[in-house]
Amino acid sequence: MTLGTLKTDNAINSFTAFQNRLRKVMCDSSKRDIPLELNDEQLETLYNAFTPVIETSIYAEMEHVMTAIRTSFDAVTDGKGENIKSDAYMSNDKHFKRFITHVVTNYQSLQAQRISIVMVHNKAYQRLEDGLFGETFVSENGFQTAYELHNQLIQAFLDGYHDLLFEGTILDTSKKIEEKVIEPVVQRYDVKMQELLEGGEDG
């Protein structure tokens with residue numbers, strides 16, 4: 001295969017290694033419920049999106065790159081549900097560009113698991129959690145409501161994180177996760193709690 005933007009033998013070999021690894025990890029229907037289906041041109045586009053942000057080599061970073069692609073595609077399928085058709089979704093130019101953006105920012109960002117570490121050290125979150133499971137809120141609204149709101153809060157953190165990656169925002173420090181993901185969501189849920197305590201709309 002001749003790649004228009006991959007000039008040297010070394011670059012072509014690097015691309016082939018990337019292509020083979022991706023197909024093994026992401027495109028095997030026996031290993032994944034929803035395989036990632038990309039044509040050769042899309043694979044080249046994805047590879048070329050990565051190369052400017054890889055500081056060492058694709059070989060050294062291969063598993064990090066694969067993790068970014070896997071978690072980005074999982075974010076797509078989680079958002080679209082189990083009925084997503086991978087090839088149809090990726091053949092939509094707008095969807096494919098959003099996926100590429102998410103993958104590249106995901107590669108450069110802290111993983112979503114970091115949210116659970118950062119949030120417990122965030123004072124605004126701690127205050128909200130204390131209020132949510134405090135005597136006043138639970139006695140007026142019940143523990144089940146508090147529990148469900150807390151689950152929604154955690155999901156909102158994840159949704160906010162992925163929305164930012166889809167927009168191209170790199171979340172490479174705990175401080176950025178705190179300021180751009182956790183605090184805006186906590187502010188929204190503060191309002192929901194107040195509405196429930198005041199007998200307003202059920203969030």
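This is a predicted model: local features need pLDDT of at least 70, side-chain atom pairs count only at pLDDT 80 or more; totals for chains, interfaces and linings use all residues.
The lining of the largest cavity consists of 6 nonpolar residues, with no polar and no charged residues among them. The lining residues are L128, L132, L149, L153, Y189 and M193. Helices α7 (123-132), α9 (143-167) and α10 (174-197) are the elements that each give two or more residues to that lining. The volume of the largest cavity is about 30 Å³, and the count of cavities of 30 Å³ or more comes to 1.

Stepping back to the whole chain, the protein has 10 helices and 0 strands. Read from the N terminus, its elements therefore follow the order α-α-α-α-α-α-α-α-α-α. The C-alpha trace spans about 70 × 35 × 25 Å along its principal axes.

Between α7 and α9 the angle is about 160°, and their axes are 10 Å apart. An angle over 145° counts as roughly antiparallel, and α7 and α9 are therefore roughly antiparallel to each other. On the α7 side the contact involves Y125, L128, E129 and L132, which meet A146, L149, H150, L153, I154 and F157 of α9. By class, this contact has 8 nonpolar, 1 polar and 1 charged residues.

From α5 the contact draws on R98, T101, H102, T105 and N106, and from α9 on Y161, H162, L165, F166 and E167. The residues of this contact divide into 3 nonpolar, 5 polar and 2 charged.

Helix α5 (residues 93-108) packs in turn with helix α3 (residues 58-80), at an angle of about 135° and with the axes 9 Å apart. That angle makes α3 oblique to α5, and the crossing of the two helices is right-handed. Helix α3 brings E61, H64, V65, A68, I69, T71, S72, F73, A75 and V76 to the contact, while α5 brings F99, H102, V103, N106 and Y107. Sorted by class, the contact of α3 with α5 has 9 nonpolar, 5 polar and 1 charged residues. Two α5 residues, H102 and N106, are found in this contact with α3 and again in the contact with α9.

The largest pocket brings α3 and α9 back into view. Its volume is about 300 Å³, and 15 residues line it, with T71, A75, D78, L158 and H162 lying nearest its centre. The elements that give two or more residues to this lining are α3 and α9, and the largest share, 6 residues, comes from α9. By class, the pocket lining divides into 4 nonpolar, 7 polar and 4 charged residues, while the lining of the largest cavity has 6 nonpolar residues and none that are polar or charged.

Definitions and conventions
Residues are numbered from 1 along each chain as its sequence is written. Side-chain values use heavy atoms; hydrogens and water are left out. Axes are lines fitted to C-alpha atoms, for helices over the stretch in contact, and angles run from 0 to 180 degrees between N-to-C directions. Helices (H or I, at least four residues) and strands (E, at least two) are DSSP runs, numbered from the N terminus. Angles under 35 degrees count as roughly parallel, over 145 as roughly antiparallel, 65 to 115 as roughly perpendicular and the rest as oblique. A crossing is left-handed if the near helix is turned anticlockwise from the far one by less than a right angle, and right-handed if clockwise. Contact means heavy atoms within 4.5 Å. Ala, Val, Leu, Ile, Met, Phe, Trp, Tyr, Cys and Pro count as nonpolar, Asp, Glu, Lys and Arg as charged, and the others, Gly among them, as polar. On a 1 Å grid over the protein atoms alone, a cavity is a set of points where a 1.4 Å probe fits but cannot get out, and a pocket is an open set with protein on both sides within 12 Å along at least five of seven lines; lining residues have an atom within 4 Å of a point. Grid points are joined across faces, edges and corners, and a volume is the space filled by probe spheres set on the points.
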